[in-house]
Amino acid sequence: MSIYDARGFVPADFDRDGDVDMFVFNNAQPAVYLQNEFGARRSWVAVQLRGKSDNKRGVGAHVRVHTGERTQLREIHTGSGYLASPPPEAHFGLGDAKHVDRLEVRWPNGDVQTFENVDANKVVVVEQGGELSYRALGASAQKVQTQ
Ligand SMILES: [Ca+2]
């Protein structure tokens, strides 16, 4: 087992299989890629935002997903340590849920959008003031639901 002097990390689904992997950036040592081999055996959803203003990725927005009795919150942010930044995407584990009961986006300007019965195991793209669409991992977006 090696000991590293870590300075930054990026949790993200790098291999686009639905689970969160991790890159760790170390001081004067190689970066370490930790690939999650769990393989998304449980449900998940990843939310990407498309803002109307200069904030095209929705940095600072809060994304809530409600599944049954459970509510989870993520903030779209950048930066997670020295020279490290995650993709502007909110990733949620959903356990055994087959869908998200309610997805809420609170944009930095105070706008709020809510969508119901959102499919699990997909990348969801929300346009500010517009539609929700689904994007298969590695595919272009398909609009399948409107607000
Ligand atoms: Ca992954």
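Which strand holds Asn 117? Asn 117 is found in strand β9, residues 112-119. Strands here are DSSP runs of E, at least two residues long, numbered from the N terminus.

This is a predicted model, in which local features need pLDDT of at least 70, side-chain atom pairs count only at pLDDT 80 or more, and totals for chains, interfaces and linings use all residues. Residues are numbered from 1 along each chain as its sequence is written.

Neither residue in the table is a glycine. A residue is buried if 20 or more other C-beta atoms lie within 10 Å of its own, exposed if 12 or fewer, and partly exposed in between; the C-beta atoms are placed from the backbone.

| Residue | Phi | Place | Exposure |

**The nonpolar core**

A nonpolar core is a set of buried Ala, Val, Leu, Ile, Met, Phe, Trp, Tyr and Cys residues joined through C-beta atoms within 7 Å. The largest one has 22 residues. Val 45, Ala 46, Val 47, Val 124 and Val 126 have the most contacts inside it. Two or more residues each come from β4 (43-50), β5 (62-67), β7 (89-95), β8 (99-106) and β10 (122-127). The largest share, five residues, comes from β4.

Contact means that two C-beta atoms, placed from the backbone, lie within 7 Å. Leaving out residues up to four places away in sequence, Val 45 touches Val 65, Phe 92, Leu 94, Val 100, Val 118, Ala 120, Lys 122 and Val 124.

On β5, Val 63, Val 65 and Thr 67 make up the covered face. His 62, Arg 64 and His 66 make up the uncovered one.

Two strands pair if DSSP finds at least two bridges between them. β5 runs antiparallel to β6 (residues 70-75), with six bridges. His 66 has Thr 71 as its bridge partner there. β5 and β6 form a hairpin with two residues between them. Gly 68 in that turn has a positive phi of about 60°. β5 is also antiparallel to β8, through five bridges. Here Arg 64 is partnered by Glu 104.

**A three-stranded sheet**

An open sheet has the order β1-β2-β3, with antiparallel pairing. Its edge strands are β1 (6-12) and β3 (32-34). Three bridges join β2 (residues 21-26) to β3. Met 22 stands opposite Leu 34 in β3.

How values were computed: Helices (H or I, at least four residues) and strands (E, at least two) are DSSP runs, numbered from the N terminus.
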